[in-house]
Amino acid sequence: AGKLDEALAALVNGPEDETARATAQDAWKLAMRAWQKIEVIQIGPAGSSLKAIGGANLRDEIYSWPSVDPCRIDQEIVENVFAQDNYFRQNLINSYGLDALEYLLFNETYNNHCRQVININEDGSWDALDESEIALRRAQFGKVLAANVLGHAQDLAAFWAPPDGEFYVHFTQPGVGDSPYDNYMKALNDYYGALFYIDLTLKDDKLGVPLGIMAPCDEGTPCPNKVESRWAHYSKEEIIANLQSFQRAFSSADSNGADGRGF
């Protein structure tokens, strides 16, 4: 996330520089591979405050797929208020995070992805922007989003940092102090339950939907626009990272593939 933030800062200084853009795209891929390994195990602060024990919604703040709205991102380009301090408090997760950054960095056209009846098309405000201005605003918006991702990534890392990270202590010492886990079994079950991401999200959503097996594309007709990384064409690498993370969680495999003390 730090490298991504640096790359976006450089892109702001040269928004039409193809080398700077390629560097930012590579930094996004690096960050995404790292995130996809964390993505599999959404427990504690990364988890939903409505579902996870100790959840703080940090996952959605960092990466909200499939809740991403390209049209809303285009509207933000026109409105140009994303640098305001209250931007993230006033907007939904579908307009920021790593998924929004993907659209800003990998969208190859200067068109928007809103229907004609949406305000930026009806009032001509998108057409009033030339390509240089769109490129600049995309880079500026991306820098704001990258900084936000970095901040939340640092928060999540601090929660889990041994020996004193708040949730590290809660998870490894259940039943002690104000840990949300009463005992080791509850902590273990929470961890185990998170691994079903591989079945419910990877298999059903990342593969089943675009392949036309699962709703809303379950009529046997593939929906390629429903793939995870539609703009970066990076879905396969993201799935591989998910599987590597699951393998490590399930078997505690080391870097050489040897099994450790896992499930």
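I started with H4: its buried residues pack against helix H5 (87-90), H6, helix H7 (119-122) and H8. I'm working on a predicted model, in which local features need pLDDT of at least 70 and side-chain atom pairs count only at pLDDT 80 or more, while totals for chains, interfaces and linings use all residues. Residues are numbered from 1 along each chain as its sequence is written, and side-chain values use heavy atoms, with hydrogens and water left out.

My terms, for later: helices are DSSP runs of H or I with at least four residues, strands are E runs of at least two, and both are numbered from the N terminus. Buried is under 20% relative accessible area, exposed is over 50%, and partly exposed is in between, with a 1.4 Å probe and protein chains only. Contact is heavy atoms within 4.5 Å.

**H4**

I counted 8 of the 10 residues of H4 as buried, so this helix is mostly covered. They are Pro-70, Cys-71, Ile-73, Asp-74, Gln-75, Glu-76, Ile-77 and Val-78. At the start of H4, I found a side-chain oxygen of Asp-69 within 3.1 Å of the backbone nitrogen of Cys-71. Just after H4, Asn-80 has a positive phi of about 60°.

**The cores**

Next I looked for nonpolar cores (buried Ala, Val, Leu, Ile, Met, Phe, Trp, Tyr and Cys residues joined through side-chain atoms within 4.5 Å). The largest one has 46 residues, and Leu-4, Leu-8, Trp-28, Leu-98, Leu-101 and Phe-141 have the most contacts inside it. Helices H1 (2-13), H2 (18-39), H3 (58-62), H4 (70-79), H6 (98-106) and H8 (131-160) each give two or more residues to this core. H8 gives the largest share, 8 residues. In soluble globular proteins, nonpolar side chains tend to be buried together.

I then checked what surrounds Phe-141. Leaving aside neighbours within four places in sequence, Phe-141 is in contact with Ile-73, Glu-76, Ile-77, Phe-82, Tyr-87, Ser-95 and Leu-104.

**Helix pairs**

For axes I used lines fitted to C-alpha atoms, for helices over the stretch in contact, with angles from 0 to 180 degrees between N-to-C directions. Angles under 35 degrees count as roughly parallel, over 145 as roughly antiparallel, 65 to 115 as roughly perpendicular, and the rest as oblique.

H6 and H8 pack at about 155° with axes 10 Å apart, so I call them roughly antiparallel. The residues making this contact are Leu-98, Ala-100, Leu-101 and Leu-104 of H6 and Arg-138, Phe-141, Gly-142, Leu-145, Ala-146 and Val-149 of H8.

H2 and helix H12 (residues 235-251) cross at roughly 40°, and their axes come within 7 Å; the pair is therefore oblique. From H2, the contact uses Trp-28, Met-32, Arg-33, Gln-36, Lys-37 and Glu-39, and from H12 it uses Glu-238, Ala-241, Asn-242, Gln-244 and Ser-245.

**Buried residues I checked one by one**

Gln-36 sits in H2 and is buried because its relative accessibility is 0%. Its side chain makes a 3.0 Å polar contact with that of Lys-206. For that term I took a pair of N or O atoms within 3.5 Å; within protein, one must be able to donate a hydrogen and the other to accept it, and residues adjacent in sequence count only if both atoms are side-chain atoms. Beyond four places in sequence, Gln-36 is in contact with Tyr-63, Tyr-197, Lys-206, Glu-228, Glu-238, Ala-241 and Asn-242.

Phe-106, in H6, is buried at 7% relative accessible area. Leaving aside neighbours within four places, Phe-106 is in contact with Arg-21, Gln-25, Trp-28, Lys-29, Trp-231 and Ala-232.

Ser-245, in H12, is buried at 9%.

I found a cis peptide bond between Pro-162 and Pro-163, with omega about 5°; Pro-163 is in the loop between H8 and helix H9 (166-172). A cis bond also joins Ala-215 and Pro-216, with omega about 5°, and Pro-216 is in the loop between helix H11 (197-208) and H12.

His-233 is not a glycine, yet has a positive phi of about 55°. His-233 is in the loop between H11 and H12 and counts as exposed at 66% relative accessibility. Asn-57 has a positive phi as well, near 65°. I placed Asn-57 in the loop between H2 and H3, partly exposed at 27%.
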